[in-house]
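The entries below follow the order in which I went through the structure.

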Amino acid sequence: MDAEGWTRELGRPGSVRELGGVRVSAVRCPALSLTGGSAGPYHLALLLAGELVLDQEGRSARACLGDLVLLDGGRPFRLAFTAPRNTVVTAHLPVVPGDPRQCVARTLSGREGLGALVAGLLTGLARDATPYRSAEERRLGVAVLELSGALLDSGHSEPVPEPLLPRVQAYVLQHLGDGRLTPDDVAAAHHISQGGR
């Protein structure tokens with residue numbers, strides 16, 4: 001589903017911003033259900049009121065106030081807005097980082113960290129009626145794309161483990177008074193072999 005189809009299907013557009021290759025739209029809609037998935041961009045939806053449920057790629061994501069969820073308009077999906085009144089701001093993105101199938105139908109918080117930055121930017125753009133020059137619109141589109149990409153990339157990647165040496169040093173310092181501490185104990189506590197054995 002393309003960005004225009006998305007806005008038309010949901011009904012009552014509040015605003016639409018064209019930002020180069022990125023579109024940001026805000027709509028209000030009653031409870032409704034949509035299916036699709038033959039063509040179109042990715043839709044990163046921020047829920048400002050109501051609730052939505054997205055089924056795609058064998059997963060089901062439920063989003064409430066302040067949550068974000070990614071829908072792939074080019075793959076089969078079922079989307080249901082379940083509250084009597086729903087408000088959603090959507091960034092229609094031409095691309096997402098990495099493997100998009102890892103990102104779709106996963107609920108991401110828009111209340112903290114990168115999610116809060118993305119939510120603030122999308123909400124601000126949806127409410128802002130300032131007429132920007134073409135170059136400014138393109139730069140805003142790049143900002144939406146980059147921040148959304150960072151959020152989506154962080155939303156499905158594993159946390160980077162703390163480097164091993166500082167953890168081993170902290171463990172040894174913590175157990176220094178234990179006269180029974182051996183190199184084997186330190187190795188076992190960190191799931192490594194002692195001395196390459």
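These are my entries, grouped by the part of the structure that I looked at.

Entry 1: I noted before anything else that the model is predicted. I then looked up the strand order in one of its sheets and found an open sheet of four strands, which runs β3-β8-β5-β6 with antiparallel pairing. I wrote down that β3 (32–36) and β6 (59–63) are the edge strands, since each of them pairs on one side only. For the twist from one strand to the next I noted an average of 10 degrees.

Entry 2: I went on to strand β5 (residues 52–56) and strand β8 (residues 77–81), which pair in the antiparallel sense over five bridges. Which residue in β8 stands opposite Q56? I looked it up and found F77 there.

**Entry 3: strand β9.** Is strand β9 (residues 86–93) largely enclosed or left open by the rest of the structure? I found that eight of its eight residues are buried, so strand β9 is largely enclosed by the rest of the structure.

**Entry 4: the partners of β9.** I looked up how β9 is paired and found that seven bridges join it to strand β2 (residues 22–29), in an antiparallel arrangement. Within that pairing I noted A91 of β9 as the bridge partner of V24. Strand β4 (residues 42–49) is also joined to β9 by seven bridges, and these two strands run antiparallel.

**Entry 5: H43.** I picked out H43, which has its place in strand β4 and stands opposite H92 in β9. Is H43 buried or exposed? I found a relative accessible area of 0%, and because buried means under 20%, H43 counts as buried. I also recorded that the side chains of H43 and H92 make a polar contact, at 2.7 Å.

**Entry 6: L71.** I turned to L71, which lies in strand β7 (residues 67–72) and counts as buried at 3% relative accessibility. How far apart are L71 and Y42 in sequence and in space? I wrote down 29 residues in sequence and, from C-alpha to C-alpha, 5.7 Å in space.

Note on methods. Residues numbered from 1 in each chain as written. Predicted model: local features only at pLDDT ≥ 70, side-chain atom pairs only at ≥ 80, totals over all residues. Heavy atoms only, no water. Pairing = 2+ DSSP bridges. Axes fitted to C-alpha atoms, helices over the stretch in contact; angles between N-to-C directions. Buried < 20%, exposed > 50% of the residue type's maximum accessible area, 1.4 Å probe, protein only. Polar contact = N/O pair within 3.5 Å; in protein donor to acceptor, adjacent residues only side chain to side chain.
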